[in-house]
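Biologist: Please give me a close look at one part of this model. Then place that part among its surroundings, step by step.

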Amino acid sequence: MDTKIHPWVAVVDDEAAIRRALLRLLRAAGIPACGYDGGAALLAALRDDGAGAPYCVVLDLHMPDMSGFEVQQHLAEVAPRTGVIAVTGQHSPEIQARVQRGSALAYMLKPMNDLELLEAIAAARSGWE
């Protein structure tokens, strides 16, 4: 995939099975996507491969090494136009409020509803263009 030409979505989740399932869903919907096993991998790719920022990141909040909250903060600095869809399996009102303070486009609980996820990604795409 040439992400320099095509708008794309990043999927960041430390759970390989979830990451693969999300990538299959996006690709089946015709959405170019790349998967990353953590925030550091995404940020390194943005810095090193010159692909340009994705228009949307589907971002797991609870990962080892670098939390989704930290990734969201870095993205606000290095890719401020990139929309964030925060996903978690550990809901609390405090987590939801923290995500919203970080200007996430959406907050979703695992397992996500495929249609709702695709709609949130479409909204991110329309905000990018």
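Modeller: A residue counts as buried under 20% relative accessible area, as exposed over 50%, and as partly exposed in between (1.4 Å probe, protein chains only). This is a predicted model: local features need pLDDT of at least 70, side-chain atom pairs count only at pLDDT 80 or more, and totals for chains, interfaces and linings use all residues. Residues are numbered from 1 along each chain as its sequence is written, and side-chain values use heavy atoms, without hydrogens or water.

I start at Ala 86. Ala 86 belongs to strand β4; strands (E, at least two residues) and helices (H or I, at least four) are DSSP runs numbered from the N terminus. Its relative accessible area is 0%, so Ala 86 is buried. Leaving out residues up to four places away in sequence, Ala 86 touches Leu 59, Leu 61, Val 99, Ala 106, Tyr 107 and Met 108. Contact here means heavy atoms within 4.5 Å.

Now the whole strand. Six of the six residues of β4 are buried, so the rest of the structure largely encloses β4.

β4 sits in an open sheet of five strands, ordered β2-β1-β3-β4-β5, with parallel pairing. Two strands pair if DSSP finds at least two bridges between them. β2 (33-36) and β5 are the edge strands; each has a single partner, so one side of each lacks a neighbour in the sheet. On average, neighbouring strands are turned by 20° against each other, direction ignored. Five bridges link β3 and β4 in the parallel sense. Cys 56 stands opposite Gly 83 of β4. On to β1: four bridges join β1 to β3, again parallel. Val 11 has Val 58 in β3 as its bridge partner. Helix α1 packs on this sheet and touches β1, β2 and β3. The direction of α1 makes about 175° with that of β2, where axes are lines fitted to C-alpha atoms, for helices over the stretch in contact, and angles between N-to-C directions run from 0 to 180 degrees.

Next, the helix α5. Its buried residues are Leu 117, Ala 120, Ile 121 and Ala 124. They cover an arc of only 100° around the axis, which puts them on the same side of α5. That arc is taken from the directions between the helix axis and the C-beta atoms. An α-helix has 3.6 residues a turn, so residues three or four places apart point the same way. The buried residues of α5 pack against β4 (83-88), and also against β1 (9-12), α1 (16-28), β3 (56-60) and β5 (106-109). Turned away from that buried side, the other face of α5 carries the exposed Leu 115 and Ser 126. Ala 86 and Ala 120 lie 34 residues apart in sequence and 11 Å apart in space, C-alpha to C-alpha.

Most residues other than glycine have a negative phi, and most peptide bonds are trans. Between β5 and α5, the loop contains Pro 111. Lys 110 and Pro 111 are joined by a cis peptide bond, with omega about -10°. Ser 103 lies in the loop between α4 (93-101) and β5. Ser 103 is not a glycine, yet has a positive phi of about 65°. Ser 103 is exposed, at 59% relative accessibility.
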